Amino acid sequence: QRAWNVAGTVRDNVLLGSPNAEVFDRDAYRAALAAAAFDVDLREGGALAEAGDATVVGERGLTLSGGQAARLAFARAVYACAVPGGPRVAVLDDVLSAVDPAVATHLFDEGIRRRLCGELRVACLLATHQRFCLARADRLVVLGHDGRMLACGPRDAILARAFDDAAFTEAADLVAAAPAVRHGEGGSATARKTTPLDEPSSREPGARPPPPTAGDQRRAAAPGAPQRQEAKAEDRTVGAVSASTWAAYVGAGGWALASLVALAFVAAQAVAMYADVLVLRFAGRSAQGRARSFRRFYDVNESIFARYVWCTVVAAVLGAVRGVLFFALTLRSATTMHARAVARVVHPPLAWTAATPMGRVVNRFASDLAQVDDLLATTLVEFATLFGLLASSVVFACVAVPPMAVVVIVTVRSGIAMKRVVGKTMHALKRLDAQTKSPPILGVVAATLDGLVAIRAYGCEVQQGTALMRGLEVNARAYFWWFVANRCLGAGLDALTVVVVAVLVMTMMMIIIASRRRRVVVVVVVV
């Protein structure tokens with residue numbers, strides 16, 4: 001009753017129902033398109049003539065009209081019954097409801113009676129509201145309001161039967177009101193199944209109906225018709241994250257709260273640096289007071305020790321406060337962005353709803369927003385903490401050993417150059433990792449859940465599983481190469497760190513050797 005098609009070409013959708021997907025029967029394929037009146041759309045002048053059967057059918061058949069989607073699903077059923085090993089019974093649930101009366105007549109006469117029942121000898125069970133089919137069927141099934149079968153038999157037998165039931169009387173009236181079969185149109189659907197194949201049918205086997213899809217073509221070719229919309233390719237940003245994006249993320253949490261977080265980070269790091277200065281001063285005074293008494297040593301360093309203790313307590317409190325404020329900021333930002341995304345999805349233009357695959361929307365909420373909720377917050381707090389520690393260490397190293405400033409400048413420039421080279425690759429691969437989840441993985445899962453009945457009926461579970469595994473493989477490749485690029489960047493930074501430490505050690509050794517010659521003891525503490 002509701003046509004199910006997958007994201008792919010017209011040919012892919014027709015061949016989806018084949019028991020043997022590796023074998024392509026061209027004659028059966030063409031006959032299936034003709035039986036469904038779909039060849040008219042693919043011929044020159046048709047609605048899909050530009051790309052033919054290579055026309056891409058988007059998710060939920062968004063590039064097709066309602067009638068085209070129904071006829072494409074019917075063509076799949078006809079092709080599945082035509083190939084070796086195909087089904088011998090076709091259950092058709094109101095396949096004529098989405099097409100024009102002329103197209104419905106063609107589907108019933110050419111598709112069901114001639115092709116399925118006559119040539120392929122397939123039994124067809126048709127549920128429909130089209131009354132013209134009543135006089136052309138071999139047997140009719142009359143159902144009551146409660147779903148019980150009241151009668152089953154030929155049309156004349158049902159009309160001649162007396163049955164004291166309101167539902168049966170109503171059904172009998174409908175059967176009697178159905179138009180009679182004109183001379184030369186043949187028997188019914190099931191009766192044609194038992195008719196010899198060489199008996200002439202109501203139409204020649206090679207005949208084509210007059211363009212029965214005029215209504216479908218008018219709707220499909222109308223400017224701005226929503227059923228002819230195509231799925232737009234998913235946009236993928238190139239380069240680093242822009243400053244406006246970061247500003248939007250911070251602004252979603254509130255600039256006032258962001259200012260408090262920044263102040264807490266600066267204050268905590270300043271107190272920690274002051275505590276390190278106190279340690280250096282404490283070490284210097286203890287070296288000078290070794291010859292003094294213990295009481296004198298304690299009196300001299302008591303104030304420094306007390307200040308160090310207070311600095312440690314204040315740094316711990318500020319660290320806890322900045323952590324709470326930071327995660328409150330990121331949580332508010334993530335919540336605000338999620339609410340905005342939900343509002344955009346719940347109240348979009350109708351054209352956007354029809355042209356956007358559901359897998360892409362699910363990917364945005366299941367994967368991208370999960371990165372914002374979880375990974376981004378933890379990564380930012382680690383970056384801010386490590387950056388503060390690195391800045392304080394660099395400042396102390398440059399103060400203790402002024403020539404280290406040159407090494408620091410060279411190191412920073414080398415790290416930035418390395419990040420530019422590897423960072424572009426990592427950005428592209430990370431975006432590709434997120435992009436390859438929506439159509440190949442989530443799209444296939446959504447289409448599979450939507451068409452479970454058709455998938456089980458055609459027995460194409462293996463094909464859908466293969467498509468899902470292919471999508472997982474593509475996504476795994478993107479993640480694997482992103483991980484390789486990440487490890488390469490880590491190895492490069494480790495090598496750069498080894499060089500810096502080696503230069504620092506050599507510089508300290510040269511200073512110590514020079515100071516010993518001058519009989520001066522220099523103590524350098526590097527954290």
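This is a predicted model: local features need pLDDT of at least 70, side-chain atom pairs count only at pLDDT 80 or more; totals for chains, interfaces and linings use all residues.

Reader: OK, helices H2 and H5. At what angle do their axes cross?

Author: Roughly 145°. The axes of H2 (residues 26–35) and H5 (residues 101–119) come within 9 Å.

Reader: Why give both an angle and a distance?

Author: Because two packed helices are described by the angle between their axes and the distance between the axes.

Reader: Which residues make the contact between H2 and H5?

Author: From H2, they are Ala28, Ala31, Ala34 and Ala35. H5 brings His106, Leu107, Glu110, Gly111 and Arg115. By class, that contact has five nonpolar, two polar and two charged residues.

Reader: New topic: Thr385. Which helix is Thr385 in?

Author: Thr385 sits in H14, which covers residues 358–400.

Reader: How does Thr385 count: buried, exposed or partly exposed?

Author: Partly exposed, because its relative accessible area is 25%. Buried would need under 20%, and exposed over 50%.

Reader: What does Thr385 touch?

Author: Leaving out residues up to four places away in sequence, Thr385 touches Phe265 and Arg322. The Thr385 side chain also reaches the backbone oxygen of Val381 at 2.8 Å.

Reader: And how far is Thr385 from Ala268, C-alpha to C-alpha?

Author: 9.9 Å, although the two are 117 residues apart along the chain.

Reader: Last one, H4. How many of its residues are buried?

Author: 15 of 17, so H4 is mostly covered.

Reader: What span should H4 have?

Author: At 1.5 Å a residue, the 17 residues of H4 (residues 66–82) should span 24 Å. The end C-alpha atoms are 25 Å apart, so the two values agree.

Key
Residues are numbered from 1 along each chain as its sequence is written. Side-chain values use heavy atoms; hydrogens and water are left out. Axes are lines fitted to C-alpha atoms, for helices over the stretch in contact, and angles run from 0 to 180 degrees between N-to-C directions. Helices (H or I, at least four residues) and strands (E, at least two) are DSSP runs, numbered from the N terminus. Contact means heavy atoms within 4.5 Å. Ala, Val, Leu, Ile, Met, Phe, Trp, Tyr, Cys and Pro count as nonpolar, Asp, Glu, Lys and Arg as charged, and the others, Gly among them, as polar. Buried means under 20% relative accessible area, exposed over 50%, partly exposed in between (1.4 Å probe, protein chains only). A polar contact is a pair of N or O atoms within 3.5 Å; within protein, one must be able to donate a hydrogen and the other to accept it, and residues adjacent in sequence count only if both atoms are side-chain atoms. The expected span of a helix is 1.5 Å times one less than its number of residues.
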